[in-house]
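Dear colleague,

I am passing on the structure we spoke about, and below it you will find my notes on what came out of the analysis. Please read them with the model open beside you.

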Number of protein chains: 2
Amino acid sequence: MTSHAQTGVDLTKNQTLVMGALSNADSPLSAYTILDKLRDDGLRAPLQVYRALDKLVEFGLVHRLESLNAFVACRHTACGDHGQTVFMICEPCGKTIEITDKAIAKRLTTLAGDVGFALRRATIELRGTCETCQAA
Amino acid sequence: MTSHAQTGVDLTKNQTLVMGALSNADSPLSAYTILDKLRDDGLRAPLQVYRALDKLVEFGLVHRLESLNAFVACRHTACGDHGQTVFMICEPCGKTIEITDKAIAKRLTTLAGDVGFALRRATIELRGTCETCQAA
DNA sequence: ACGAGTTGCGTAACGGTATAACGTGTGCAA
DNA sequence: TTGCACACGTTATACCGTTACGCAACTCGT
């Protein structure tokens, strides 16, 4: 369907709706919250959202935050290296900062190698308080 | 109730049961799986398990794996520094390796500091394949 | 000894998260 | 035109976790 500028991936109608909901939000959304936002657009069942999310994650346009059971639009689609992203989740306000860092990735690879573990994907989620909320 | 050798913490009856179930298991268990294992010991409701788990996590005897919605007995209770533990989860067999690493902890602290984020706790969970499963 | 506070326990009901199992429609290639 | 792949839609169900309530036991200060 509509083409995504940064990746050239064609999104279907439902994928576009879900992507839009996540892009507009300023903090991660649960699948059911997304569903509620999109009821007026014709979505009715959780599965419609989950299917779209699965694809969007596969395309690298969306990340899943495991510790929150929620999803967030990727802020730097251009970067490769998904699967090694560090998320900083502000507990007061819910906003998340997304960072990739070679040093972390390298160290994790080393640690895995030390015990013979074949690393496929890393989930790194930090909890704390963002600068804005500390000031407030 | 019974005293835990390594920590001196007194566990209640339910806490002891749940701790026992996790210690016997060789991979992480969900709360409901624990419940099923302990039905013969008199447990009947999820809340009984969740309450025990909350305390055990608080004591540092058990870790929660966010990406699995499951729990695992801590393999090195002696170490302090919970909240910075790296878990390597083998997808074929489910076993998890638990490691703490100063370099990772330090780098995460630095990254957080760079953006003014007050770090409270880190979730680091790696997915991949353990040495045994690679050989098989 | 007594009451107040705290902690753990037990049960029922519920809400949030995710998937299974169907079947339908469309586009495209052999 | 038949078969395949893919997205879609619906219903039902499974799994994860919490709220709300009340009771029992154990402190601890008076």
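How are H1(A) and H3(A) oriented to each other, roughly parallel or roughly perpendicular? Before I answer, please keep in mind that this is a predicted model. The two helices pack at an angle of about 80°, and the axes of H1(A) and H3(A) are 9 Å apart. Angles from 65 to 115 degrees count as roughly perpendicular, and H1(A) and H3(A) are therefore roughly perpendicular to each other. On the side of H1(A) the contact is made by Asn14(A), Gln15(A), Val18(A) and Met19(A), while H3(A) brings Gln48(A), Val49(A), Ala52(A), Leu53(A), Lys55(A) and Leu56(A) to it. By class, the residues of this contact of H1(A) with H3(A) are six nonpolar, three polar and one charged.

The DNA surroundings

In total 19 residues surround DNA strand D, and the closest are Thr12(A), Asn14(A), Arg44(A), Ala45(A) and Ser30(B). H3(A) gives the most to this surface, with five residues, and the surface near DNA strand D is made up of nine nonpolar, seven polar and three charged residues.

For DNA strand C, the count of surrounding residues is 20, and the closest are Ser30(A), Thr12(B), Asn14(B), Arg44(B) and Ala45(B). Two or more residues of the surface near DNA strand C come from each of helix H2 (31-37) and helix H3 (46-59) of chain A, and from each of helix H1 (13-24) and helix H3 (46-59) of chain B. H3(B) gives the most to the surface near DNA strand C, with six residues, and the classes there are nine nonpolar, seven polar and four charged.

The relation between the two protein chains

Chain A is superposed on chain B by a rotation of 179° with 0.1 Å of shift along its axis, at an RMSD of 0.1 Å; that is the relation of a two-fold axis. The same surface serves both copies, since 100% of the contact residues of chain A recur in chain B. Among the residues of chain A, Ile124(A) comes closest to the rotation axis, with its C-alpha at 2.3 Å.

The contact takes 31 residues from chain A and 31 residues from chain B. On the side of chain A that touches chain B, the elements that give two or more residues are strand S3 (85-90), strand S4 (96-100), helix H4 (102-114), strand S5 (118-129) and helix H5 (131-135). The largest share of that side, twelve residues, comes from S5(A), and its residues divide into 17 nonpolar, six polar and eight charged.

The sheet

What joins S5(A) to strand S5 (residues 118-129) of chain B? Eleven bridges do, and the two strands run antiparallel. Within this pairing Leu126(A) has Ala122(B) as its bridge partner, and Ala122(A) stands opposite Leu126(B). The strands belong to an open sheet of six strands, with mixed pairing and the order S4(A)-S3(A)-S5(A)-S5(B)-S3(B)-S4(B). S4(A) and strand S4 (96-100) of chain B stand at the edges, each with a single partner strand, so one side of each is left without a neighbour in the sheet. From one strand to the next, the twist averages 20°.

H4(A) packs on the sheet, where it touches S3 and S5 of chain A as well as strand S3 (85-90), S4 and S5 of chain B, and its direction makes about 130° with that of S5(A). Helix H4 (residues 102-114) of chain B, for its part, lies across S3, S4 and S5 of chain A together with S3 and S5 of chain B, and runs at about 130° to S5(B).

Within chain A, S3(A) and S4(A) pair in the antiparallel sense over five bridges, and Val86(A) stands opposite Ile99(A) in S4(A). S3(A) and S4(A) form a hairpin with five residues between them, and in the turn Gly94(A) has a positive phi of about 85°.

With best regards

Note on methods. Residues are numbered from 1 along each chain as its sequence is written. Chains are lettered from A and ligands numbered from 1 in the order in which they are written. This is a predicted model: local features need pLDDT of at least 70, side-chain atom pairs count only at pLDDT 80 or more; totals for chains, interfaces and linings use all residues. A residue is near a molecule or strand if its C-beta atom, placed from the backbone, lies within 6 Å of it. Helices (H or I, at least four residues) and strands (E, at least two) are DSSP runs, numbered from the N terminus. Ala, Val, Leu, Ile, Met, Phe, Trp, Tyr, Cys and Pro count as nonpolar, Asp, Glu, Lys and Arg as charged, and the others, Gly among them, as polar. Copies are superposed by least squares on the C-alpha atoms of residues with pLDDT of at least 70 in both. Two residues are in contact if their C-beta atoms, placed from the backbone, lie within 7 Å. Axes are lines fitted to C-alpha atoms, for helices over the stretch in contact, and angles run from 0 to 180 degrees between N-to-C directions. Angles under 35 degrees count as roughly parallel, over 145 as roughly antiparallel, 65 to 115 as roughly perpendicular and the rest as oblique. Two strands pair if DSSP finds at least two bridges between them.
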